[in-house]
Amino acid sequence: MYRMFVRPAGPEGETGADMMERNGPPMARWIARTSQLSPQGRVLEIGFGPGLGLEQLVKIVPDGHVTGLDPSKLMHQRAGRRNAEAVRDGRLTLVEGVAEAMPFDDNIFDLVVSVDNHHFWTDPQAGLRAALRVLRPGGRLICAFTLPSGGSTRGLSRRLQTAGFANPRALDCPEGEAAEAWKPEQ
Ligand SMILES: C[S@@+](CC[C@H](N)C(=O)[O-])C[C@H]1O[C@@H](n2cnc3c(N)ncnc32)[C@H](O)[C@@H]1O
């Protein structure tokens, strides 16, 4: 389980990535539809896995930028191959790291997205605080889980509020469960 989905590596990681590639497209498309980004949008995807979500997000911000953050070298290879053109054109940047210690400046993203990995963060509260820090005031977080992922939005509203997010609420997500919350304008 750990080397398949939590920190994909080796042959188990390849198998896990194949499963993510088979099962992930509907959620990746739903995230893009729900994102409300302008063409100039700046978005961060945490835990991008094989890069299906990145692929959709790149399409909807033709004049903006997509950043992906994931600790797995194997997932960097997969997502890099899938999104080679966007990386080459400078529309997508892939960064190695974890949600709990994001190497990004404050207030730089309009949207932060996480699919099927918030439940894997070793310190979920620190990850949410970091997501809040890198969002611009008024920016939005979407945290989603497909049904087979084992993750859930249960308790997430309280964690989001504790981290400093405003207006957390469940989203109607046909692909599983999802919640959104906002960085206060101040
Ligand atoms: C089950 S996969 C989901 C991948 C992708 N979001 C999808 O839906 O296809 C979980 C991903 O989260 C990443 N991950 C695990 N712990 C993480 C953390 N603390 N911060 C950021 N990403 C993490 C893993 O490396 C893996 O790529």
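Modeller: Two strands pair if DSSP finds at least two bridges between them. The model discussed here is predicted.

Biologist: In S5, which residue is the bridge partner of Ser 114?

Modeller: Strand S4 (residues 109-115) pairs with strand S5 (residues 135-146) in the parallel sense over 6 bridges. For Ser 114, the bridge partner in S5 is Cys 143.

Biologist: Which helix makes a right-handed β-α-β unit with S4 and S5?

Modeller: S4 and S5 run parallel. Together with these two strands, the unit, which is right-handed, contains helix H7 (residues 124-134).

Biologist: In S7, which residue is the bridge partner of Leu 141?

Modeller: S5 also runs antiparallel to strand S7 (residues 176-182), to which 7 bridges join it. In S7, the bridge partner of Leu 141 is Ala 181.

Biologist: How many of the 12 residues of S5 are buried?

Modeller: In the open sheet, whose order is S3-S2-S1-S4-S5-S7-S6, S5 stands between S4 and S7. The edge strands are instead strand S3 (92-96) and strand S6 (166-171), each pairing on one side only. S5 is mostly covered, and of its 12 residues the number buried is 9.

Biologist: How many residues of the shell around the ligand are charged?

Modeller: There are 26 residues around the ligand, and among those that come nearest are Gly 47, Ser 72 and Asn 117. Helix H1 (2-6), helix H4 (52-60) and strand S2 (65-70) each supply at least two residues of this shell. The shell divides into 16 nonpolar and 6 polar residues, and the number charged is 4.

Methods:
Residues are numbered from 1 along each chain as its sequence is written. This is a predicted model: local features need pLDDT of at least 70, side-chain atom pairs count only at pLDDT 80 or more; totals for chains, interfaces and linings use all residues. A residue is near a molecule or strand if its C-beta atom, placed from the backbone, lies within 6 Å of it. Helices (H or I, at least four residues) and strands (E, at least two) are DSSP runs, numbered from the N terminus. Ala, Val, Leu, Ile, Met, Phe, Trp, Tyr, Cys and Pro count as nonpolar, Asp, Glu, Lys and Arg as charged, and the others, Gly among them, as polar. A residue is buried if 20 or more other C-beta atoms lie within 10 Å of its own, exposed if 12 or fewer, and partly exposed in between; C-beta atoms are placed from the backbone. A crossover is right-handed if, with the strands pointing away from the viewer, the path from the first strand over the helix to the second runs clockwise.
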